[in-house]
Amino acid sequence: MADAGPRTAVPLTGWGRTAPTPATVVPVRGADDVAAALRAVSPRGVLARGLARSYNDAAQNAGGHVLDMTGADRLLDVDLAGGEVEVEAGISLDRLMDLFVPMGLFVPVTPGTRYVTVGGAIAADIHGKNHHVAGTFCEHVAHLDLLTADGEVRRIGPGADPELFWATAGGMGLTGVILRARVRMTRIESSRLVVDTDRTPDLDSLMALLESTDHRYDYSVAWIDCVARGARMGRSVLTRGRFARRDELSARQQADPLRYAGSITLSAPDLFPPGLLNPATVAAFNELWYRRSPRRRRDQLQGIGAFFHPLDGVGNWNRVYGPRGFVQYQFVVPFGAEETMRRALERISRSGHASFLAVLKRFGAANPGLLSFPAPGWTLALDIPVVRGLAALLDELDELVVGAGGRVYLAKDPRVRPEVFERMYPRLESFRDVRRRVDPTGMFTSDLARRLAL
Amino acid sequence: MIDALGSVGSLLLVGGTSDIAVATARRYLVDRPLRIVVAARETPRRVTVAEELRAAGGQVEVVDFDADDPASPARMLTAATAGGDIDVAVVAFGQLGEADRLRTDSAAAAHLAQVNYVAAVAVGTELAVRMRTQGHGVIVALSSVAGERVRRSNYVYGSTKAGMDGFFSGLGDSLAGTGVSVLVVRPGFVRSKMTEGLPDVPLSTTPEAVAEAIVAGVRGGRHTVWVPGAMRWVMSGLRHTPRAVFRRLPF
């Protein structure tokens with residue numbers, strides 16, 4: 001049962017630590033708690049919040065209620081033969097990996113961190129290094145239970161009220177509270193990946209390499225040096241891999257092929273001064289990273305943590321951006337708009353706004369999700385510390401992106417203009433229609449929803 | 001919502017036809033289009049201002065506001081918030097009055113106090129209630145250096161500004177931790193339609209400079225700004241000037 005009694009509002013932010021707003025946080029442990037919490041909400045509405053790894057204001061609700069879902073984390077059903085698990089929405093991918101990697105099952109899609117909940121993964125319709133072959137997380141959800149504004153629990157999926165399902169997939173929690181989900185896991189023979197690394201001198205050679213050979217790999221991502229200019233612009237390190245078969249492991253590893261240990265050991269202290277990451281330090285870091293990466297390496301064995309979640313090794317790494325926080329700008333442009341990608345990259349490197357990490361990936365097919373982000377094309381994601389002049393630069397990049405038929409990612413963006421966002425997501429009106437149908441009074445809302453009039 | 005990079009999505013101008021209010025809206029529009037609610041009496045000037053701000057890219061709404069009417073602040077804010085949250089509200093209405101007449105005309109003095117102080121307190125209170133509920137927002141109060149230490153030449157006006165300055169400063173402190181904040185702006189002599197015909201003075205400023213200071217102050221999360229900045233040190237000196245000297249100063 002949720003604790004009774006009055007609660008005070010606490011300031012919340014996303015992973016980027018920008019624009020905090022206060023909300024009344026209600027811990028919930030199950031459907032009954034959620035239903036009780038919904039009966040007590042104010043006109044400012046309510047929103048489910050998981051591990052708050054979205055970078056922006058997606059999991060905030062100024063002046064309203066926020067349900068802390070992380071206590072609703074039970075495993076409900078396991079079908080090892082069928083490779084499916086049914087879980088409560090607050091369970092994390094980290095926990096799913098701890099539980100199921102030793103049994104030969106891996107999460108179907110993982111982002112760059114495993115500290116996200118299943119509910120959050122559905123709400124943001126997350127993607128990972130395998131998007132070009134496996135699609136998004138929601139494409140591996142058999143069905144989910146959604147508690148809607150009328151107090152009903154609806155079981156929805158691609159075959160049951162698909163309209164509501166594809167509004168909920170990528171719907172940022174605005175259609176209701178995701179209580180449970182049945183997820184189709186991926187079978188693995190070992191907990192190691194066979195990884196190939198290639199260094200490419202510029203953006204053109206990277207894109208060419210991805211176009212010709214990406215289909216051979218299950219997982220693929222490139223790190224780009226955004227600071228390098230001129231002929232070296234877009235120089236990158238491409239890492240691609242697949243899970244190893246048991247017979248590819250060493251004799252010692254074969255004795256325990258699914259061995260997995262993945263918890264955080266370090267935590268970054270909250271002491272980093274503003275401006276620590278500046279063009280000089282980032283350029284030095286990028287130079288070092290590029291030079292220590294192998295020019296070409298084949299069949300290296302790596303663990304799950306090292307390959308998928310290198311930054312999870314340092315808890316709260318977001319603190320290195322200092323108290324002003326940071327923004328992650330991620331966009332996708334369709335195939336054929338390579339020139340736009342090049343111009344965007346040029347604009348970023350010319351601006352001198354240091355980007356510590358820039359990641360490029362080639363997306364596969366889109367799904368029917370009304371606000372789902374991935375679409376066939378190229379996606380670039382970069383972290384930028386909050387500095388003066390950034391708003392104008394990103395507005396300019398938005399125009400480039402939308403002009404090429406591209407868009408930005410709702411789980412990351414903290415600043416796109418509402419009218420530009422509408423041009424990026426032509427199915428927004430259909431999403432609004434679904435919301436009007438299942439939540440006519442607008443009970444479910446968030447700072448993100450208010451900012452962009454979702 | 002004021003977003004992660006400080007961009008403002010909606011702006012309420014109470015006393016929306018004042019030169020400073022209009023300059024503030026124009027300054028925000030330089031950065032981005034935004035929703036602007038102009039609260040003012042129904043005058044031809046209001047129509048002109050609304051058209052001007054629309055032409056500059058604003059999504060403009062107009063609501064009635066009359067500082068003489070005690071029921072107006074609540075009604076105005078109900079109308080202004082019907083279309084969504086207000087991120088920044090600028091309390092920009094006020095009158096200068098005629099100092100000579102105010103010395104002898106008690107009705108005129110009381111009326112100035114009603115407009116500059118009583119109505120400002122009511123508007124500030126209504127704004128605070130609504131912004132507390134929405135959990136975010138910035139109230140910008142146009143005070144004046146005249147309220148910092150009230151001078152003999154315009155003591156009625158100065159006293160009303162001293163009162164409203166005190167109110168908004170205290171209101172800001174009371175809102176700590178709620179997500180809502182108050183920015184008290186203390187301009188010196190502003191060359192505007194309110195001061196038309198008056199002789200210029202040293203350290204005078206413009207509505208555009210005040211607008212720039214408001215935008216920078218909101219972005220920086222400041223609680224008080226002086227325009228021009230040097231006014232802070234001038235007034236700090238005047239504040240500590242002995243009365244015997246102060247009352248003999250030529251203003």
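Of the contacts in chain A with a separation of 6 or more, what percentage is accounted for by residues 24 or more positions apart? The answer is 76%. Keep in mind that this is a predicted model.

**Chain A as a whole**

- Chain A contains 14 helices and 21 strands. Its radius of gyration is 21 Å, close to the 22 Å that the globule rule gives for 454 residues, so chain A is as compact as a globular protein of that length.
- Taken along the principal axes, a box of roughly 60 × 55 × 45 Å is filled by the C-alpha atoms of chain A.
- Buried residues make up 53% of the 454 residues in chain A.

**Chain B as a whole**

- In chain B you will find 9 helices and 7 strands. The globule rule gives 18 Å for 251 residues, and the radius of gyration of chain B is close to that at 17 Å, so this chain is as compact as a globular protein of its length.
- The C-alpha trace of chain B spans about 50 × 35 × 30 Å along its principal axes.
- Of the 251 residues in chain B, 47% count as buried.
- If you take the contacts in chain B between residues at least 6 apart in sequence, 68% of them join residues at least 24 apart.

**Where the chains touch**

- Chain A brings 23 residues to the contact, and chain B brings 18 residues. On the side of chain A that touches chain B, the elements giving two or more residues are strand S2 (21-27), helix H11 (390-403) and helix H14 (447-452) of chain A.

**A pair of helices in chain B**

- Helix H5 (residues 106-134) of chain B packs against helix H6 (residues 155-174) of chain B at an angle of about 10 degrees, and their axes are 9 Å apart. Because of that angle, H5(B) is roughly parallel to H6(B).
- Residues of H5(B) that take part include Ala109(B), Leu112(B), Tyr117(B) and Gly124(B), and they meet a set in H6(B) that includes Val156(B), Met164(B), Phe167(B) and Leu171(B).
- The residues of this contact divide into 13 nonpolar, 4 polar and 1 charged.

**The nonpolar core**

- The largest nonpolar core has 213 residues, and among those with the most contacts inside it are Ile122(A), Leu13(B), Val91(B) and Val185(B). H5(B) supplies the largest share of this core, with 9 residues.
- Which residues does Ile122(A) touch, leaving aside its neighbours within four places in sequence? Its partners include Phe137(A), Val141(A), Leu144(A), Ile178(A) and Ala181(A).

**Backbone features to look for**

- As background, most residues other than glycine have a negative phi, and most peptide bonds are trans.
- Arg17(A) has a positive phi of about 60 degrees although it is not a glycine. You can find Arg17(A) in the loop between strand S1 (9-12) and S2 of chain A. Is Arg17(A) buried or exposed? Arg17(A) is buried, because 20 other C-beta atoms lie within 10 Å.
- Ala453(A), also not a glycine, has a positive phi of about 50 degrees. Ala453(A) sits in the segment after H14 of chain A, and with 13 other C-beta atoms within 10 Å it is partly exposed.
- Val227(B) and Pro228(B) are joined by a cis peptide bond, with omega about -10 degrees. Pro228(B) belongs to the loop between strand S7 (224-227) and helix H8 (231-239) of chain B.

**Two exposed loop residues in chain A**

- Pro273(A) lies in the loop between strand S15 (266-267) and helix H8 (279-292) of chain A. Pro273(A) counts as exposed because it has 7 C-beta neighbours inside 10 Å. Its C-alpha atom is separated by 9.3 Å from that of Arg324(A), 51 residues apart along the chain.
- Ala160(A) is in the loop between strand S9 (153-156) and helix H5 (162-168) of chain A. Ala160(A) is exposed, with 12 other C-beta atoms within 10 Å. Leaving aside its neighbours within four places in sequence, Ala160(A) is in contact with His143(A) and Arg155(A).

Terms used. Residues are numbered from 1 along each chain as its sequence is written. Chains are lettered from A and ligands numbered from 1 in the order in which they are written. This is a predicted model: local features need pLDDT of at least 70, side-chain atom pairs count only at pLDDT 80 or more; totals for chains, interfaces and linings use all residues. Axes are lines fitted to C-alpha atoms, for helices over the stretch in contact, and angles run from 0 to 180 degrees between N-to-C directions. Helices (H or I, at least four residues) and strands (E, at least two) are DSSP runs, numbered from the N terminus. Angles under 35 degrees count as roughly parallel, over 145 as roughly antiparallel, 65 to 115 as roughly perpendicular and the rest as oblique. Two residues are in contact if their C-beta atoms, placed from the backbone, lie within 7 Å. Ala, Val, Leu, Ile, Met, Phe, Trp, Tyr, Cys and Pro count as nonpolar, Asp, Glu, Lys and Arg as charged, and the others, Gly among them, as polar. The radius of gyration is taken over C-alpha atoms; the globule rule is 2.2 Å times the number of residues to the power 0.38. A nonpolar core is a set of buried Ala, Val, Leu, Ile, Met, Phe, Trp, Tyr and Cys residues joined through C-beta atoms within 7 Å.
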